[in-house]
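Let's walk through this model together, from the inside out. Please have the sequence and the 3D view side by side as you read.

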Amino acid sequence: MLSKKDIIALGMMIFALFLGAGNIIFPPMEGYQAGSNWFWAALGFVLTGVFMPFVTLIVVTIKGKGEALSVDLPKWAQVAFWATLYLVIGSTFAMPRVTNVAYEMGWMPLNIVDANHPYAHFIFAFVFNLIGLFFMLRKNTIISTVGKIMTPALLVLLVIVALQVVQTPLSDIPLPTKAYATESALTVGMVGGYQTMDVLAATAFGGIVAHIMLSKKVTDAKRIIKYTLIAGSLSVVLLSLLYFSLFYLGATSQAVAQDATNGGQIFSRYVGELFGTKGVWIMSGIVMLANLTTLVGVTSASADYFSRLSKVSYPFWVVLFCLLTTIISETGLTTLLRVTIPALLLIYPVAIMLVVLQLIRHKLPLVKLSYNLSIGVTVLFSAIDSLNNLGWIPDSLNQVLAKLPFYSAQLAWLIPALIALVMSIVLGKARK
């Protein structure tokens with residue numbers, strides 16, 4: 001049985017694990033582009049960046065590990081999906097991005113060392129991942145270190161910034177630009193929520209929460225649901241308030257965002273304007289703590305999966321992934337941001353559909369038929385969204401595909417996947 005103190009610490013840990021690079025750098029840019037539609041954009045962002053991850057976390061915690069979501073798929077499909085997912089959220093995409101955000105937004109503004117030194121970035125990335133490695137190799141320290149120490153400090157800094165932004169906005173809110181000027185702010189915000197990778201991360205974090213429950217001798221399904229709901233709700237409230245604050249920050253940032261290329265720049269300039277020199281240290285503390293907790297949570301979960309898949313020890317994979325993260329982070333933040341979106345457009349919808357299928361699994365007449373058909377169609381149309389984002393679809397074919405619902409919003413998979421699910425249910429009942 002968990003005490004109130006343990007539940008609060010668990011909720012704070014969940015919040016800190018989810019709060020990483022994307023959660024800080026994407027909302028300000030989305031809010032800046034959404035302009036006067038910032039509220040609806042933020043709501044869409046919260047739907048896919050907070051509520052879907054929350055549902056995923058609960059489902060995975062109950063099942064014990066993320067891989068349990070895909071047991072009804074062929075074995076090769078299970079391995080292909082989970083290996084891809086852990087590489088995307090881990091050392092090939094997300095964790096190098098985390099490292100670079102920590103460097104560019106947290107370390108460089110402090111001007112402690114010469115940023116132009118040829119090895120400055122590599123040394124920082126190596127030390128940053130080495131610190132993370134220390135916590136990863138001691139898995140039982142994650143809840144005490146992250147939930148009881150790191151998160152309260154992180155939360156205090158974020159509250160200071162959020163209150164100041166609301167009280168003293170820098171600029172008037174402009175009209176929407178880019179996709180927000182032509183598409184529904186809600187749907188564009190939903191796609192923007194993909195960038196947090198939190199539904200994908202929730203499949204990993206659910207396993208961490210389940211491990212903590214087991215270590216606390218909590219094995220009853222009802223208690224697991226109860227504790228995860230309470231602790232997760234704390235995370236949902238905190239993340240939602242943070243996102244709305246950051247969207248508002250972006251919407252009122254015209255004075256400092258004119259030539260910004262990413263939301264991290266907008267955030268850092270805004271905080272600098274509000275707090276001056278103190279703002280640099282506040283921002284550095286927020287960024288360092290947020291990215292370190294995410295690095296620890298995601299990399300340890302990835303190492304745990306590959307150790308079970310390959311029968312090679314967990315410490316080996318932790319060390320390997322930290323080295324890969326350090327090396328790949330040398331490509332730079334801008335490059336990583338550019339290549340991440342197509343990967344997310346491909347894998348994020350599949351993760352969402354796996355959660356949906358798990359929620360209604362008991363009502364499916366032929367489970368394997370529903371899984372194979374729904375996931376197959378989701379993969380096909382999410383691949384189209386990914387290729388469209390890369391600009392690799394010929395214009396002639398693009399004109400035909402443009403007739404698909406939500407194609408321009410990069411949600412072409414949504415309606416076909418739902419149709420496939422309904423068809424599988426009808427066919428399943430007919431076969432029975």
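Predicted model: local features only at pLDDT ≥ 70, side-chain atom pairs only at ≥ 80, totals over all residues.

Residues are numbered from 1 along each chain as its sequence is written, and side-chain values use heavy atoms, with hydrogens and water left out.

Let's begin inside. The largest nonpolar core has 146 residues; such a core is a set of buried Ala, Val, Leu, Ile, Met, Phe, Trp, Tyr and Cys residues joined through side-chain atoms within 4.5 Å. Here, buried means under 20% relative accessible area, exposed means over 50%, and partly exposed is in between (1.4 Å probe, protein chains only). The members that touch the most others are Leu-10, Leu-19, Tyr-86, Leu-200, Phe-267 and Ile-286. Helix α15, residues 333-359, gives the most to this core, with 15 residues; helices are DSSP runs of H or I, at least four residues long, numbered from the N terminus.

Leu-295 is buried, because its relative accessible area is 0%. Among the residues it touches, leaving out those up to four places away in sequence, are Met-95, Phe-128 and Met-136.

Now for the charged pairs. The whole structure holds 4 salt bridges, each a side-chain nitrogen of Lys or Arg within 4 Å of a carboxyl oxygen of Asp or Glu. In one of them, Glu-67 meets Arg-308 at 2.4 Å, N to O. Glu-67 sits in the loop between α3 (38-63) and α4 (75-88) and Arg-308 in helix α13, so this pair ties together parts 241 residues apart in sequence. Glu-67 counts as buried at 10% relative accessibility, whereas Arg-308 is partly exposed at 33%. Arg-308 also forms a salt bridge with Asp-304, their closest N and O atoms being 3.2 Å apart.

A nonpolar patch of about 900 Å² includes Tyr-119, Phe-122 and Leu-323. Helix α6 provides its largest share, 6 residues. Leu-323 lies in helix α14 and is partly exposed, with a relative accessible area of 42%.

Terms used
Patch = residues over 30% accessible without salt bridge, like charges linked within 9 Å, V, L, I, M, F, W, Y side chains within 5 Å. Areas by Shrake-Rupley, 256 points an atom, 1.4 Å probe, with all protein chains shown as cover. Helix = DSSP H or I, 4+ residues; strand = E, 2+ residues; numbered from the N terminus. Contact = heavy atoms within 4.5 Å.
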